[in-house]
Amino acid sequence: MSYLTPYLCVADSRAAIDWYGAVFQATVKGKPYVMEDGRIGHVELIIGDALLMMADPFPEVDVEPPDSSRGSAVTLHLEVADCDAVAESAVRNGVQLDRGPESTSHGRSATFRDPFGHRWIVNS
């Protein structure tokens, strides 16, 4: 069996933990690894059955968050129980929807970019 786990770089992991918790009901798995300088070097979040890894920027090793002035090269697709509820939560937590929620041949979906520059499609 193979698993693919996204490993995101965000400008502020502590804020992202809170935002993903509020919008996706993400919970922290284990204890975040905090570097001597205070940056989060590694944290794991559980979203339903999915694992998401995350860290603060480390420009010294070319780990940088997305540039929000440019388009997104990657979209994260997340199956959720209620697309409309997640989209509503995302808006309540400060984002503007790019699309949806709307009914498609694949179910209900909504698209947005989180405050950390990552593009998401939520689908139910």
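A polar contact is a pair of N or O atoms within 3.5 Å; within protein, one must be able to donate a hydrogen and the other to accept it, and residues adjacent in sequence count only if both atoms are side-chain atoms. Helices (H or I, at least four residues) and strands (E, at least two) are DSSP runs, numbered from the N terminus. At the start of α2, a side-chain oxygen of D82 comes to within 3.2 Å of the backbone nitrogen of D84. The model is predicted: local features need pLDDT of at least 70, side-chain atom pairs count only at pLDDT 80 or more, and totals for chains, interfaces and linings use all residues. Residues are numbered from 1 along each chain as its sequence is written, and side-chain values use heavy atoms, with hydrogens and water left out.

The buried residues of α2 (83-92) are C83, V86, A87, S89 and A90. Buried means under 20% relative accessible area, exposed over 50%, and partly exposed in between (1.4 Å probe, protein chains only). Seen down the axis of α2, these buried residues fall within an arc of 160°, so they line one face of the helix. The arc is that of the directions from the helix axis to the C-beta atoms. An α-helix has 3.6 residues a turn, so residues three or four places apart point the same way. The face turned away from the buried side of α2 carries the exposed residues E88 and R92. Packing partners of the buried residues of α2 are α1, β6 (97-104), β7 and β8; contact means heavy atoms within 4.5 Å. Just after α2, G94 has a positive phi of about 100°.

α1 and α2 pack at an angle of about 140°, with their axes 8 Å apart. Axes are lines fitted to C-alpha atoms, for helices over the stretch in contact, and angles run from 0 to 180 degrees between N-to-C directions. W19, A22, V23 and F24 in α1 meet V86, S89 and A90 in α2. The residues of this contact divide into six nonpolar, one polar and no charged. Ala, Val, Leu, Ile, Met, Phe, Trp, Tyr, Cys and Pro count as nonpolar, Asp, Glu, Lys and Arg as charged, and the others, Gly among them, as polar.

The largest nonpolar core holds 28 residues. Such a core is a set of buried Ala, Val, Leu, Ile, Met, Phe, Trp, Tyr and Cys residues joined through side-chain atoms within 4.5 Å. W19, Y20, F24, M54, F112, W120 and V122 touch the most other members. α1 gives the most to this core, with six residues. Leaving out residues up to four places away in sequence, M54 touches Y7, L8, V10, S13, A16, I17, Y20, H42, V43 and L45.

P6 lies in the segment before β1 (7-9). P6 is partly exposed, with a relative accessible area of 27%. P6 and M53 are 47 residues apart in sequence and 6.1 Å apart in space, C-alpha to C-alpha. N123, in strand β8, is buried, with a relative accessible area of 7%.

Most residues other than glycine have a negative phi, and most peptide bonds are trans. Q25, in the loop between α1 and β2 (27-34), has a positive phi near 55°. D62, in the loop between β4 and β5, has a positive phi near 60°. Q25 is exposed at 54% relative accessible area, and D62 is exposed at 71%. The peptide bond from G100 to P101 is cis, with omega near 0°. P101 is found in strand β6.
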